[in-house]
Amino acid sequence: MKNPYSNRKYIIKGVFLLVGLVFVIKLFFIQIIDKTYILSAQNNVIRLIYQFPARGLIFDRHDKLMVYNEAVYDLMVIPNRMQDIDTLELCELIGIDKETFVGQIEKIKHYSVRKASVFQKQISKETTAYLEEKLFKFPGFYVQPRTLRKYPLPVAAHTVGYVGEANRQLLEKDCYYKSGDYVGISGLEKTYEQVLRGRKGIKRVLVDVFNREKGSFQDGKYDTAMIKGVNLKITLDAELQEYGELLMTNKKGSIIALEPSTGEILALVSSPHYDPNLLVGRVRGKNYKKLQHDPLEPLFNRPLTATYPPGSVFKLVNSLIALQENVVTQHTKYSCEGPETRPIKCSHYHKSPLNMIEAIEVSCNPYFWKTFTAIMKNEDDIHDSFEKWRNHTLSFGFGSKFNSDLFSEVSGFIPEPGYFDKYFGEKGWRPMTIRSLSIGQGEILVTPLQLANLSAIIANRGYYYVPHLVKSIDNHKTEKNNREKNHTTIKPNYFDVIIEGMYQVFEGEEGTARWYKLDNIAVCGKTGTAENPHGKDHSVFIAFAPKDDPQIAIAVVVENSGFGATWAAPISTLMIEKYLTGTVKKKWVEEQMINVILISDN
Amino acid sequence: MGGRANDQCYFNFRQLRQRKGIFDNIDWVIIALYFTLVLIGWLNIYAAVYNESHRSIFDITQNYGRQLIWITTSLIIIFTILMIDAKFYNAFSIPLYIISVFLLVVVLFLGKEVAGARSWFQLGSFAFQPSELAKVTTALALARYVSSSSFNIKKKKAKIYIALLIGAPMILIYLQNDTGSALVYFSFLLVLFREGLSGKIMITGVIIIMLSVIALLVNKFIITGFLALIIIFTIMIIRRRKAIVIKLIGLFIVATGFVFSVEYAFENILEPHQQTRVNVLLGKEVDLRGAGYNVNQSKIAIGSGGFTGKGFLNGTQTKYDFVPEQSTDFIFCTVGEEWGFLGSLVVIALYIGLLLRIIMIAERQRSIFSRIYGYGVASIFFFHFAINIGMTIGLAPVIGIPLPFLSYGGSSLWAFTILLFILIRLDESRQELV
Ligand SMILES: [Zn+2]
């Protein structure tokens with residue numbers, strides 16, 4: 001029976017006792033000697049407090065404040081910390097009835113009894129002030145400061161975009177955002193979200209059983225500092241933007257003004273516009289729905305996403321290509337018999353024959369049909385001629401997006417030779433088949449922004465900077481690619497011919513916009529009419545000024561308003577005059593533009 | 001050698017009826033310890049997950065209500081175990097072991113994955129973990145094998161058989177991703193120590209562990225330099241005895257190789273989260289969000305308990321979810337916070353008392369099988385006790401294993417109950433050679 005290893009039981013018992021002893025000693029130290037843990041012995045608990053940094057402000061090019069923040073407060077609740085609450089008193093304080101209160105609490109409890117949820121959103125500063133004083137009576141409740149966007153000038157809503165609560169997809173994708181957080185949803189607010197939002201801070205504070213703060217946890221050792229949102233200085237001229245929106249009252253369409261020497265967008269008007277303050281805070285959902293169902297589509301950002309055939313404005317591009325390809329010279333003359341001319345008629349009678357500058361001045365269709373034919377017959381195979389034409393056209397930025405900091409653009413459409421092969425067969429199309437391209441109608445589609453860029457290219461005599469919206473981020477210049485020259489395939493000296501023609505549009509005896517010439521400013525422009533198969537044609541105009549030192553290049557599209565000279569041209573010159581001189585002289589033209597209603601008939 | 005039990009034990013069902021009363025010879029001290037711990041566990045689970053909207057301790061939608069179900073069913077298990085003849089456990093130890101190993105294989109394929117570990121069988125609303133059962137059957141099989149008359153621990157063959165016996169369930173559980181439960185099987189070394197395993201093996205084991213810790217803490221080149229210095233110094237003193245010098249140089253090479261392989265193993269075999277846990281334990285990393293968070297919160301909860309604690313249901317740290325897994329692996333936090341140093345002392349004393357009582361019971365068995373089994377039970381309880389409480393106060397790595405009888409959970413409560421009550425049943429027949 002005597003086991004030789006029987007004595008080992010003492011060693012084993014010794015090990016058990018030793019471990020027990022070590023535990024008791026360690027517990028003695030952490031429970032009795034070490035006072036850092038006693039912090040919590042005073043019945044304190046840690047609460048995570050998120051500090052929401054103020055979102056970056058947005059200023060216009062002259063440092064005028066366009067977007068700022070206004071403080072509001074969310075009333076938060078943690079259901080399982082609610083204790084002995086005088087429900088009636090709380091209801092009175094926040095102005096709700098008891099049923100609403102109970103319903104709301106039940107809904108929140110269903111989500112989580114332990115996590116903090118928003119009980120009531122966006123309480124005003126005033127209510128919060130007296131609520132905060134009494135909040136100690138309502139354990140489980142606390143207020144969380146938030147900020148809402150405010151727009152002192154209710155302009156450029158499409159460009160600035162709006163901020164809203166992070167949706168579920170975003171919450172799943174990016175763990176930075178917590179339910180109820182705000183995030184940029186469109187426009188600059190979205191493009192520059194990372195910059196504008198800053199970074200949330202996390203503070204761990206100790207609170208007692210009555211939910212009163214008792215100071216930071218372990219001297220803030222585990223806190224993360226909040227980083228303020230960064231301010232943006234954008235390229236828009238708020239005053240010009242506002243003026244543009246005013247001119248477009250009761251019209252559908254776009255105005256884009258660019259600074260040719262930088263590509264900075266001075267004005268980006270989409271009409272009808274809306275007050276950006278409508279999409280803020282508690283009223284956002286309701287207003288958004290209303291705007292969404294408006295038949296005039298105020299939410300549609302026309303300058304970047306609407307596409308039109310460019311109309312006669314495109315004759316400028318065709319002229320430049322013809323000069324570059326050497327199929328005509330500026331002295332080449334063609335004749336025109338007015339509306340009787342075939343295959344493309346002219347809109348009116350004028351002197352004939354005429355050279356290129358005169359043809360631009362009167363916007364003679366037959367002249368450009370003949371020019372276009374010359375381009376298309378330059379090579380033996382029309383495919384080769386067309387491909388050349390297309391490459392020149394693409395070099396103006398047509399047919400593709402600019403991919404700068406603009407939110408949602410479309411590329412427009414410049415057909416490939418294959419496009420016609422498909423419709424007419426490889427041998428089935430001739431210059432005659434695609435004749436409408438000669439006057440900017442037919443298959444090509446461009447955005448108003450691309451038209452403004454065309455105007456800037458001509459002003460620059462052959463190159464452009466990518467149109468962009470942000471001038472500086474926190475006083476640092478923006479990305480370099482915005483400052484890279486993009487050259488077209490056309491030699492600079494050919495532009496002088498076109499510019500002279502565009503100057504004659506205002507100055508010439510038969511100029512299509514001669515009624516709107518400005519006294520002291522040499523404006524160059526070109527009218528256009530975009531054919532609209534669904535209704536009245538769209539009026540198009542591009543212009544830049546002053547002729548020899550261009551400060552502003554502009555494109556205006558007024559939908560369903562007919563001939564280009566009627567509405568788009570005067571709006572363009574008013575914008576130019578306003579920008580260059582700060583005021584307009586012909587008040588009657590301004591008044592007429594503002595008051596005309598062009599949205600009823602369609 | 002006459003004390004060895006007859007290998008070909010004979011089991012007779014008729015003996016069930018022949019017994020006079022099942023409580024005749026029972027050890028009431030251990031029964032009292034068991035029920036005290038189970039009750040403490042239940043109350044602390046209630047405190048840990050207590051929530052205003054479910055105030056009743058009998059509410060079965062909450063962990064505390066469900067724990068009562070596990071306790072009640074444990075009573076049925078206890079009664080059944082005590083009804084069965086003591087000889088059954090010896091006679092059927094090997095088949096039971098084989099069945100449980102088979103279940104461990106099956107669960108790998110058909111098991112339900114919970115928190116990254118594929119170790120549960122789900123039958124409707126009923127879930128159970130075969131790895132818990134395997135602890136019992138391995139203890140029985142080990143007792144059976146080591147108590148056999150032909151067994152001699154000095155022989156190589158015996159060591160291989162034991163390694164296979166313990167290693168098979170261990171590896172299978174490891175494959176389920178339940179590293180904590182796999183490590184529990186190391187506790188059987190204590191049983192083997194009692195049955196004559198050379199003390200040197202145990203000491204070597206301790207040295208290996210210490211060297212591993214040092215290897216992870218200190219730069220490996222510093223350690224090898226340091227070892228080299230010691231060896232050179234020793235050789236200079238005893239330079240005459242060539243054999244020892246050669247042995248020392250050999251030892252140096254082995255130790256150096258070991259230090260380097262520890263680092264290699266750490267970098268290449270452990271998963272990143274396991275590396276973090278080790279680093280946190282060694283104090284190399286403070287990771288308050290991951291592994292370090294649990295331990296830090298757990299220490300705050302226990303530390304804030306002070307001398308007498310905050311009182312039942314007044315613990316704020318555990319109640320407000322600061323401590324994760326508070327009703328299962330971190331149940332000791334609630335004890336520490338609400339009952340303070342005094343309460344912790346009582347719980348530790350109860351465990352030490354239980355362990356010493358089990359050793360006492362084991363030692364008074366006539367049957368070697370029963371004695372070895374008793375040591376197996378003590379070893380498993382000890383391992384769980386040491387690692388679990390050690391983990392909550394920052395003395396052991398965060399290895400997710402439950403605290404016997406206190407932690408919430410059906411499978412673990414049943415397994416610990418079965419483990420203990422088989423011993424109590426064997427003890428009842430301590431005069432027999434089962
Ligand atoms: Zn004509």
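**Before you start**

This is a predicted model, in which local features need pLDDT of at least 70 and side-chain atom pairs count only at pLDDT 80 or more, while totals for chains, interfaces and linings use all residues. Residues are numbered from 1 along each chain as its sequence is written, chains are lettered from A and ligands numbered from 1 in the order in which they are written, and side-chain values use heavy atoms, with hydrogens and water left out.

**Stop 1: both chains**

Color by chain and select chain A. You will find 20 helices and 19 strands there; helices (H or I, at least four residues) and strands (E, at least two) are DSSP runs, numbered from the N terminus. Of its 602 residues, 55% are buried, where buried means under 20% relative accessible area, exposed over 50%, and partly exposed in between (1.4 Å probe, protein chains only). Chain A has an accessible surface of about 26600 Å², with 51% supplied by carbon and sulfur atoms; such areas come from the Shrake-Rupley method with a 1.4 Å probe, and for residues only the protein chains shown count as cover. Of the contacts in chain A between residues at least 6 apart in sequence, 71% join residues at least 24 apart, a contact being heavy atoms within 4.5 Å.

Now switch to chain B, which has 18 helices and three strands. Here 54% of the 434 residues are buried. Its accessible surface is about 19600 Å², and carbon and sulfur atoms hold 68% of that.

**Stop 2**

For reference, the ideal angle for four tetrahedral donors is 109.5 degrees.

C346(A) is buried at 3%, C336(A) at 8% and H350(A) at 13%.

**Stop 3**

Select S271(A) and P272(A), where the peptide bond is cis with omega near 0°. P272(A) sits in the loop between strand 12 (264–271) and helix 10 (284–293). Next, pick A545(A) and P546(A), also joined by a cis peptide bond, with omega about -15°. P546(A) belongs to the loop between strand 18 (538–545) and strand 19 (552–558).

Then check phi at A156(A): the value is positive, about 55°, although the residue is not a glycine. A156(A) lies in the loop between strand 5 (141–150) and helix 5 (157–160) of chain A, and is buried at 2% relative accessibility. N560(A), too, has a positive phi, near 55°. You will find N560(A) in the loop between strand 19 and helix 19 (568–581), buried with a relative accessible area of 4%.

**Stop 3: S455(A)**

Select S455(A) in helix 17 (residues 448–459) of chain A. Its relative accessibility is 0%, so S455(A) counts as buried. Leaving out residues up to four places away in sequence, S455(A) touches I542(A), A543(A), F544(A), A553(A) and I554(A).

**Stop 5**

Finish with helix 3 (residues 63–83) of chain B. Its 21 residues should span 30 Å at 1.5 Å a residue, and its end C-alpha atoms are 30 Å apart, which agrees; the expected span is 1.5 Å times one less than the number of residues. Among its buried residues are W70(B), I71(B), I77(B) and L82(B). The buried residues of helix 3 pack against helix 2 (28–49), helix 4 (86–91) and helix 18 (410–428) of chain B.

Last, select helix 5 (residues 93–110) of chain B: its 18 residues reach 25 Å from first C-alpha to last, close to the expected 26 Å. Its buried residues include Y97(B), V101(B) and L104(B).
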